[in-house]
Amino acid sequence: MTLDNPPAEVPAYVQNLPGPRRPRIALMGEFSAGKSTLANLMIGSDPLPVQVIATQLPPVWISYGSAPAVIVDLDGNETPCDLESLQEIPTEQTAFIRIQSKEEILRMCDVIDMPGISDPNMAASVWERILPLADGVIWCSPATQAWRQSEASVWEKVPPHIQEHSLLLLTRGDMLVSEKDRKKVLKRVRSEAEDLFAQCLMMSLTQARDAEDDPDLWDQSGAEPFVNEFLNIISVLTDRIARDAPTEPFVYQGCEATEAPEAVPSDEASPQTERDDRIVPRRPVVKATRPRPAPRPEPEEEESLSPKFS
Ligand SMILES: Nc1nc2c(ncn2[C@@H]2O[C@H](COP(=O)(O)OP(=O)(O)OP(=O)(O)O)[C@@H](O)[C@H]2O)c(=O)[nH]1
Ligand SMILES: [Mg+2]
């Protein structure tokens, strides 16, 4: 299967996916673009190795739950996966590694951390066969060399129904020297790629990761607009899946979807709430044991130790 040649039948490795069906967001981009850093930032518990130079990982599919990690091969067979010794995974025969975690964001969506698109040591088929299972993509492209021709030529093959629920995220915003440079790069990339994504945004993943209880650093990182766009996409996809689930291919065949996707809590305190079921990002929240710094724009009751996306 390739992007030009989608599968005629539901692949074996999809038939045993545990329900419920949630929107699936694939993190894609070139080698070292920040995909795993973003996955860890979104999920909040660092389930993924970052910058494992010697290791080529197959797609890592992260969903809500507590089952141990497994390697799912192309026939749908599952074998236990030791996350400490990922080096030995034969990527050609592997569909994906499945990890479960009980983090809040995973109640809203599955996250699929993909290998780099132009990794010379890994066949493109390793990610191409998983991409059609995604509902949307966050494409990471380093701001210092954003949106190269090699990225554009892969993206143009991605089906429009995935493109329209996708974001182009320019990572490493902190590596550009000035605000003027950041605006210039964003303007250039938007002029080239705006029509191919729901939104193009820039942020610093490392600043957002390090923001912890520092709302200024969180704002400076550019994370807030990204979180809002991301949550909008999840909201749209959740509605669509609820509507289309009975007829959708690749979904429930062979697995029981006993539980409907969970309703996302609304923020009753927010005056900007446009819809009753609108999902609202959780911003960095001060640890309960620490003194609170300056007044926060939208205080939240929930405790959290790090910035999260839910
Ligand atoms: N300064 C800076 N460094 C970043 C940023 N995002 C990621 N990095 C760093 O870039 C390196 C690679 O990040 P990864 O998240 O492993 O990249 P990846 O896309 O998962 O890489 P592969 O899976 O190997 O393709 C790590 O050292 C990150 O800390 C950012 O926004 N700013
Ligand atoms: Mg990675």
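The expected span of a helix is 1.5 Å times one less than its number of residues. The model is predicted.

Start with the whole chain. The protein chain carries 9 helices and 9 strands. Of its 310 residues, 52% are buried. Contacts with a separation of 6 or more are counted next: residues 24 or more positions apart account for 74% of them.

Now turn to H6, residues 179–193. This helix has 15 residues. From first C-alpha to last, H6 reaches 21 Å, close to the 21 Å expected at 1.5 Å a residue. Which residues of H6 are buried? They are Val185, Leu186, Val189 and Ala193. Seen down the helix axis, these buried residues fall within an arc of 100 degrees, so they line one face of H6. What covers them? The cover includes strand E8 (167–171) and strand E9 (199–202).

Helix H2 (35–43) is the next stop. How many of the residues of H2 are buried? The count is 9 of the 9, so H2 is largely enclosed by the rest of the structure. Buried here means under 20% relative accessible area. Gly44 follows H2, and its phi is positive, near 90 degrees.

Move to the loop on the other end of H2. Ser32 is found between strand E1 (24–29) and helix H2. Its phi is positive, about 65 degrees, although Ser32 is not a glycine. Is Ser32 buried, exposed or partly exposed? At 31% relative accessibility, Ser32 counts as partly exposed.

Glu212 also deserves a look at its backbone. This residue is not a glycine, yet its phi is positive, near 40 degrees. Where does Glu212 lie? Its place is the loop between helix H7 (205–210) and helix H8 (215–221). With a relative accessible area of 28%, Glu212 is partly exposed.

Key. Residues numbered from 1 in each chain as written. Chains lettered and ligands numbered in written order. Predicted model: local features only at pLDDT ≥ 70, side-chain atom pairs only at ≥ 80, totals over all residues. Heavy atoms only, no water. Helix = DSSP H or I, 4+ residues; strand = E, 2+ residues; numbered from the N terminus. Buried < 20%, exposed > 50% of the residue type's maximum accessible area, 1.4 Å probe, protein only. Arc of directions from axis to C-beta. Contact = heavy atoms within 4.5 Å.
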